Every structure is written in structure tokens, then in C-alpha cells.
Amino acid sequence: MDQETLERFLSDLPMGWVKYLETVGSTNNFASRWVKEGALDFSLVVANEQTAGKGRLGRKWVTLPDSALAFSLILKNPFPEQSVPNAFIPRITGLGALAVCTAIQKDYQLPVNIKWSNDLLIDGHKISGILAEARWRGDELTAIILGIGINITSDSIPQGYSLNYPAGALEQYTGCSVDRLQLLVSVLREIIHWRALLQENVFIDAWERNLAYKNEWVGVFQGNGHNDVPIYEGRILGLNPDGALRLGLRDGKEKSVYAGDIRIRPVDMLLK
Ligand code: BT5
């Protein structure tokens with residue numbers, strides 16, 4: 001991959017600024033500096049390697065060279081309508097997750113699904129993670145940086161590193177090699193498609209339809225610890241319009257869970 005090839009692949013898409021980096025700390029941090037410099041909507045930074053890739057809440061995302069896709073997209077005024085309640089902002093994480101999910105489904109016909117709120121799973125293995133970061137001027141949402149990491153070849157799977165979920169890579173399931181640039185273009189096309197529907201019910205319906213562990217029992221955890229006890233156990237019922245996860249608890253009550261510092265795991269994995 002290089003700058004010229006990247007630009008050539010993206011030539012049919014309505015891109016803002018475009019940058020390819022051989023190596024960077026975090027593409028999200030690079031994009032954050034771009035926002036301050038006045039980057040256009042749909043500006044994109046792609047890196048072959050990240051040395052300080054970020055997950056949520058200070059967690060790390062490992063991007064090893066030549067083996068993965070790591071990019072950040074700047075969405076200015078991300079919603080189709082101007083004034084949007086803050087409750088809609090979590091939909092941007094859903095936008096990234098749904099776009100990766102539907103791109104992989106269309107291109108490779110694989111059973112990929114979304115472990116709420118920001119992980120993509122194939123066969124119970126995390127192959128991708130999403131990190132959406134909002135930028136504000138006072139009360140005004142100026143941009144959202146949508147960071148996406150996808151493990152492509154098996155070399156992308158972090159070794160000797162304590163992972164909070166089993167990791168996988170796309171090529172372990174496709175049975176053929178995956179062209180990173182073609183996949184990037186497919187994901188961007190899906191982002192364009194779903195972004196136009198971000199405020200519609202069809203968006204939540206599609207996100208919900210692709211949820212992993214739907215109707216299954218999961219444990220909900222707070223924080224980073226590996227041996228924590230779940231704060232709730234419940235059956236995944238679906239999503240609220242604000243993107244919160246609806247759980248049916250054992251006592252028959254319903255609970256809405258907000259992303260924050262929450263992690264979920266299927267209950268049968270808790271027993272292992
Ligand atoms: C995420 O956080 O999954 C969000 C990952 C977002 C990465 C993209 S890459 C482009 C952009 N630039 C950035 O700096 N970040 C974004 P979270 O749900 O908190 O999961 C993080 C956890 O995933 C870590 O604590 C590890 O356990 C695990 N992990 C790290 N690297 C992984 C990998 N390559 N594959 C699978 N799991 C990984």
C-alpha cells in the first residue's frame with residue numbers, strides 16, 4: 001500500500017483529505033489533529049502499522065505491519081439532519097460496526113456479527129474493533145472520529161498479549177486472500193450507505209439484526225479486570241433507539257445497558 005495506490009482506489013468516493021502512513025502512533029490521534037487543522041468531512045487516514053493503537057478506556061489495539069487494516073475517518077456533522085439529540089451519538093459506533101459487518105457479509109458471505117457495542121465476531125472470535133471519539137466545541141458536536149481496526153491475515157493476531165476476548169483474522173475464515181484496499185473501499189461504501197439512514201428506524205433494525213448472542217444469556221462487566229464478577233446477567237433482547245442494549249434479567253425485568261465501560265460475554269464462556 002502507498003499514498004498513490006490508496007488515492008487511486010478511493011477515486012470514486014467523496015473523500016476529504018486522504019493520508020497513508022507506513023507507521024503511526026494511533027490513526028485516531030492523527031485524525032484528531034486534522035480536525036483542529038480544519039480537515040474536510042470524510043477525511044481518511046490509513047496506517048500500515050500502529051505503535052500506540054487505542055481501544056476504549058485506555059485499552060490498546062494492536063496493529064502489526066502488513067497484516068491488518070487500521071484507519072480513521074472524520075465525520076463532520078455526522079447526522080443527515082442538523083440538530084440531533086445527544087442520545088443519537090452512540091449510533092456512530094453502530095455505524096462503524098454495521099458497515100464492517102455488511103461489507104464482510106457482501107464480499108465474503110461470512111457469518112459475521114456485532115458483539116455489542118463495538119466488536120465484530122466471526123465464529124466467536126474478535127476480528128475487528130471500533131473506536132468512535134466525539135470532538136466538541138462547547139456544546140456543539142464538531143466531528144466524530146470513527147476508528148476501525150480489522151485483522152486481515154493471521155499475522156495480525158497479537159501474540160504474547162493478554163486479550164480480553166479470543167481474537168481471529170478475516171483470512172482464517174475466507175479461505176482466500178483478502179485485498180486490504182478493496183475491503184477498505186467496501187467498508188467506506190457501507191458507511192456512506194448507512195450514514196444516510198443514521199436517524200431512521202431501519203438503521204437500528206439492521207444493527208439489531210446483526211447482534212451476536214441475540215436471545216442468549218450474557219454477563220455484563222464493568223472495567224477491565226479479567227476475573228470480575230458480572231454486574232448483571234441477562235438475555236439479549238435487542239436495542240433501544242439510543243443504541244442501548246436491552247437485556248431481559250432473570251427476575252423478568254428489563255434493563256437497558258449503556259456502552260460506557262461495559263463489556264459483555266456469553267454466559268457459557270463465563271464457566272470456562
Ligand atoms: C476496541 O476497543 O476494540 C476498539 C479498537 C479500535 C481500533 C482502531 S484501529 C484504527 C483506530 N486508531 C486507533 O488508535 N484505534 C482505532 P476495546 O473494545 O476496548 O478492545 C480492546 C481490547 O481488544 C484490548 O484490550 C485487547 O484485549 C483486544 N485487542 C487488542 N488488539 C487486538 C487485535 N488486533 N485483535 C483482537 N483483539 C485485540
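# Exercises on a predicted model

Tyr173 is found in helix H4, which spans residues 171-174. The model is predicted.

## Exercise 1: Tyr173

Task: Determine whether Tyr173 is buried, partly exposed or exposed, and find which residues Tyr173 is in contact with.

Solution. 

1. The relative accessible area of Tyr173 is 22%. Buried means under 20% and exposed means over 50%, so Tyr173 is partly exposed.
2. Setting aside neighbours within four places in sequence, the contacts of Tyr173 are Leu110, Ile122, Asp123, His125, Ile127 and Gly168.
3. With His125 there is also a polar contact, side chain to side chain, at 3.5 Å.
4. Ile157 is 16 residues from Tyr173 along the chain, and the C-alpha atoms of the two are separated by 14 Å.

## Exercise 2: Asn240

Task: Locate Asn240 between its two strands, and identify the side chain with which the side chain of Asn240 makes a polar contact.

Solution. 

1. Strand S9 covers 232-239 and strand S10 covers 245-249; Asn240 lies in the loop between them.
2. Asn240 has a relative accessible area of 16%. The cut-off for buried is under 20%, so Asn240 is buried.
3. Not counting residues up to four places away in sequence, Asn240 touches Ile204, Arg246 and Ser256.
4. The polar contact is with the side chain of Ser256, at 2.7 Å.

## Exercise 3: Salt bridges

Task: State how many salt bridges the structure holds, then trace the network that includes Asp119.

Solution. 

1. The structure holds nine salt bridges.
2. One of them pairs Lys115 with Asp119, with the closest N and O atoms 3.2 Å apart.
3. Asp119 also forms a salt bridge with Lys126, where the closest N and O atoms are 2.9 Å apart.
4. Lys115, Asp119 and Lys126 are therefore linked in a network of salt bridges.

Task: Describe the salt bridge between Glu233 and Arg250, and say which parts of the chain the pair ties together.

Solution. 

1. The closest N and O atoms of Glu233 and Arg250 are 2.8 Å apart.
2. Glu233 lies in strand S9, while Arg250 lies in the loop between S10 and strand S11 (254-257), so the pair ties together parts that are 17 residues apart in sequence.
3. Glu233 counts as partly exposed at 27% relative accessibility, and Arg250 counts as exposed at 55%.

## Exercise 4: Helix H2

Task: Work out how far helix H2 is enclosed, and by which strands its buried residues are covered.

Solution. 

1. Helix H2 runs over residues 27-36, and seven of its ten residues are buried, so the helix is largely enclosed by the rest of the structure.
2. The buried residues are Thr27, Asn28, Phe30, Ala31, Ser32, Trp34 and Val35.
3. Their cover includes strands S1 (18-21), S2 (43-47), S3 (68-76), S6 (125-137) and S7 (140-151).
4. At the start of H2, a side-chain oxygen of Ser26 comes within 3.1 Å of the backbone nitrogen of Asn28.
5. After H2 comes Gly38, which has a positive phi, near 90°.

## Exercise 5: The ligand

Task: Say how many residues surround the ligand, and find the distances from its nitrogen atoms to polar atoms of Thr27, Asn28 and Val62.

Solution. 

1. The ligand is surrounded by 31 residues, of which the closest are Ser26, Lys54, Arg59, Lys126 and Asn164.
2. For Thr27, a polar side-chain atom lies 2.9 Å from a ligand nitrogen atom.
3. For Asn28, a polar backbone atom is 3.5 Å from a nitrogen atom of the ligand.
4. For Val62, a backbone N or O atom lies 3.0 Å from a ligand nitrogen atom.
5. Taken alone, the ligand exposes 800 Å², and the protein buries 98% of that.

## Exercise 6: Cysteines

Task: Count the disulfides, and check the sulfur distance for Cys101.

Solution. 

1. A disulfide needs two cysteine sulfur atoms within 2.5 Å. By this rule the count is zero.
2. Cys101 is in no disulfide; the nearest cysteine sulfur, that of Cys176, is 18 Å away.
3. Cys176 is likewise in no disulfide, and the nearest cysteine sulfur to it is that of Cys101.
4. Cys101 is buried, with a relative accessible area of 0%, whereas Cys176 is partly exposed at 38%.

Technical notes
Residues are numbered from 1 along each chain as its sequence is written. This is a predicted model: local features need pLDDT of at least 70, side-chain atom pairs count only at pLDDT 80 or more; totals for chains, interfaces and linings use all residues. Side-chain values use heavy atoms; hydrogens and water are left out. Helices (H or I, at least four residues) and strands (E, at least two) are DSSP runs, numbered from the N terminus. Buried means under 20% relative accessible area, exposed over 50%, partly exposed in between (1.4 Å probe, protein chains only). A polar contact is a pair of N or O atoms within 3.5 Å; within protein, one must be able to donate a hydrogen and the other to accept it, and residues adjacent in sequence count only if both atoms are side-chain atoms. Contact means heavy atoms within 4.5 Å. A salt bridge is a side-chain nitrogen of Lys or Arg within 4 Å of a carboxyl oxygen of Asp or Glu. A residue is near a molecule or strand if one of its heavy atoms lies within 4 Å of it. Accessible areas come from the Shrake-Rupley method with a 1.4 Å probe; for residues, only the protein chains shown count as cover.
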